[in-house]
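Let's take a walk through this structure together.

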Amino acid sequence: MLIPRAIAYLDPGSGSMIVQLVAGGTAAVAVTAKLYWRRFLRVLGIRKDEHEPPTS
Amino acid sequence: MPRVAPADALQAEPASFRDPRSRVFEADGQILRALTEEGLADWNALSAPTLARDLTAAGKLIPTERVADGDPLLRRLPAGYAALLRHERVPFVSYPYEWSFGMLRDAALLQLDLVEAALGEGLILKDSSPYNVQWRGVSPVFVDVGSFEHLVQGEPWIGYRQFCMLYLYPLMLQAFRGVEFNAWLRGSLEGIPPGQFRPVLSVGDLFRPGVFTHVVLHARLDRRRAGRSAEVKAELRAAGWKSELIRANVRRLRKTVSRLEWRPRGPGWTRYPEDRPYTDAAAASKDAFVANVAGMRRWRSIWDLGCNDARFARIAAGHADHVLAVDSDPGVVEQVYRELAREGERRILPLVIDLADPSPGLGWRGVERKALDERGSPDLVLCLALLHHLVISANLPLPEVVAWLRSLGAPLLVEFADRDDPMVQRLLAAKRADTHADYRLEAFEEELRAGFRIERRERLDPGTRTLFFATPA
C-alpha cells in the first residue's frame, strides 16, 4: 500500500522539535548525542551538510 | 478535474479550512466531512483496524460513518474530494475560552490519550487543538477524525508546540499563577506562545515539574531557531528519531497535566448562596415553579443563563435533551463541572460565559469561531437571579436586556428581584443614589409585555422577588 507522505499543515517549530529530545527523557539520550555529534563533525568540516530532498 | 461546483454543492463550515485533506460541511442538519484522496487514506488507516471503533466505544471519538456509494449527497461534493463521512452531531459547539480549568485539563488528557493510542497503530494526530474537542454533557469527545494520519518514521510530534500553546500553558497559567486562561484564549486563538508564557512565571514556578523543559527551554529555543524546521527535521531523522520518543514525551506530559490543580477562590466562589431565595418556603416555591414549567413538555434545548450552582439546570434536565448552563464565574462553572462529572450527568453542559460580554465571532473573517447565539437556539430560556446583575452591576439598560431575551425566540422563565431585595440593595449601594431609577417591577413587567405574553406569575416569599413564565408574543 502506498503510504502518503505527511505534509504537515502546521509548522512544527524547529525549537519545539529540539525540546522534544529533552522531553523524551532517557530514551532520547542516544538520538541527542548522535544529533550533536553530527553537528560537531559538520562544524569541523568532516561531514557535509545533509538536507531532506524536496518532497513535492 | 473540472473546478465547476454543482449548483447545490455542499457549503463548507466556516471554521474548517486549515487542513487541506479534510473539510467539514453541513447539509440538511447533518455534519459531514469531505476527504481528499490523502485524507481518505488516513481515514482508512484509522478505521480499518479496531482503533476508531475502540475509541468511539470508549466515548473518546465522535461516532462517524462513511457515506455509502450512491448516496445523493456524494453528487453535491465539491471538486477535489474523494469521500464523505457523516459525524454524530454534538448538542452544542463550545470553545476552550468558554471552558473551566477542569474542562481544559480533561480535554488535554483526552488529546494525549489519542496520541498514544494512534502511535500504537503507526498513526499520529497532525495537530493538538482543543477546538477539536467538544462535549456531550460533561464528557469530552474528539470530533476531528481528519487529525489522524500516518506517522512518518523519523518525524517528531508536529502537534507538540500547539499542545503547549493551547493546552499546557493555559493550564499552567491558571494552576501556578491563579490567572484564568479564558481571556487569553479568547484574545489569541492560537494560544500562548512559549516566549510570551515564560515571563509570566515566577522564579519559584521554574522548579515545578515540566516547567524547565516545556517552558524555559522551549521559549529559548523557539526564539533562536525560528524558520529552520525542515533542516532540524532532517537532522533528527538522520540521528535516529523514533516514535518511542514521542510516546515517552506524551506519557510525561500526561503526568505533568494530571498534577495541575486549580482551587477557585475569591468572591465568585461564595456568590451563589446569596442569590438563593431567603426562606425555605421560597426556595421550595421556586423549585416547584421551575419544575412545573420545565415539565410542561419535552424540550430539545434549554439554556440556563446565570446558572450558579446549576440547581435549576438539574431540575430542567429531567425534561430536556440538552441543557446549556452558563455563568460568568469560572470558579462556579468549575465546581458545577466537577459535580456533574461526579454525578455522571450527561445532559448538562456548563460554560464560562459573561452574558454582558458573550463570546463574539472570532478568527478569520470573524466567522471561524461563532458568536454564542449563532451556535444554536434554545426552546426554553431560564433567567433566574440574573437580571439584577446585568442591569445594576453591568449597567445594561433593562429594556435592552429584555429585548435580547426576546431575540432568543423562546419561552422565558425569568426572575425579577425588586429594589427592596437585600441582594439588589447591596448592588445598588455600590452605585450613586440616582442610578437605575427605572429598575422597578412595574417597569420590568411593562417591558416584558412588549415582547412576551405572561403565562404565569408568582411572587416568592417574603415578596421581593417575582417569577414569570412568558412566551414570545
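Two residues are in contact here if their C-beta atoms, placed from the backbone, lie within 7 Å. By that rule, residues 24 or more positions apart account for 68% of the contacts in chain B with a separation of 6 or more. Bear in mind that this is a predicted model, in which local features need pLDDT of at least 70 and side-chain atom pairs count only at pLDDT 80 or more, while totals for chains, interfaces and linings use all residues. Residues are numbered from 1 along each chain as its sequence is written, and chains are lettered from A and ligands numbered from 1 in the order in which they are written.

Let's start with the overall form of chain B. Its C-alpha atoms fill a box of roughly 75 × 60 × 40 Å along the principal axes. The radius of gyration, taken over C-alpha atoms, is compared with a globule rule of 2.2 Å times the number of residues to the power 0.38. For 473 residues a compact globule would come out near 23 Å, and the 25 Å of chain B agrees with that. Chain B holds 17 helices and 16 strands; these are DSSP runs numbered from the N terminus, helices being H or I with at least four residues and strands E with at least two. Of the 473 residues, 45% are buried. A residue is buried if 20 or more other C-beta atoms lie within 10 Å of its own, exposed if 12 or fewer, and partly exposed in between, with C-beta atoms placed from the backbone.

Now to the sheets. Two strands pair if DSSP finds at least two bridges between them. In chain B, an open sheet of 5 strands has the order E1-E2-E3-E5-E4, with antiparallel pairing. Its edge strands, each pairing on one side only, are E1 (11-12) and E4 (64-66). E4(B) is joined to E5 (83-87) of chain B by 3 bridges, and B:Glu65 stands opposite B:Arg86 in E5(B). Helix H1 (37-47) of chain B lies across E2, E3 and E5 of chain B, at about 110° to E3(B). Angles like this run from 0 to 180 degrees between N-to-C directions, and axes are lines fitted to C-alpha atoms, for helices over the stretch in contact. The loop between E2 and E3 of chain B contains B:Asp28, which has a positive phi of about 50° although it is not a glycine. B:Asp28 counts as exposed because it has 7 C-beta neighbours inside 10 Å.

Further along, a hairpin is worth a look. Strands E7 (133-136) and E8 (139-142) of chain B pair in the antiparallel sense over 4 bridges, with B:Val133 opposite B:Phe142 in E8(B). There are 2 residues between these strands, and B:Gly137 takes a positive phi near 65° in this hairpin.

Next comes an open sheet of 7 strands in chain B, with the order E12-E11-E10-E13-E14-E16-E15 and mixed pairing. E12 (348-352) and E15 (452-460) of chain B are its edge strands, and the twist averages 20° from one strand to the next. E11 (320-327) of chain B pairs with E12(B) in the parallel sense over 5 bridges. Helix H13 (330-343) of chain B lies across E11 and E12 of chain B, at about 160° to E12(B). Helix H11 (280-294) of chain B lies across E14, E15 and E16 of chain B, running at about 155° to E15(B). In the loop between E15 and E16 of chain B sits B:Pro462, and the peptide bond from B:Asp461 to B:Pro462 is cis, with omega near 5°.

Which residues have the most contacts inside the largest nonpolar core? They are B:Leu171, B:Ala316, B:Ala325 and B:Cys383, in a core of 144 residues. Such a core is a set of buried Ala, Val, Leu, Ile, Met, Phe, Trp, Tyr and Cys residues joined through C-beta atoms within 7 Å. B:Ala325 stands opposite B:Pro350 in E12(B), and its contacts beyond four places in sequence include B:Cys307, B:Val336 and B:Ile348.

Finally, turn to the partner chain: 31 residues of chain A are in contact with 44 residues of chain B. On the side of chain A that touches chain B, H1(A) supplies the largest share, 9 residues.
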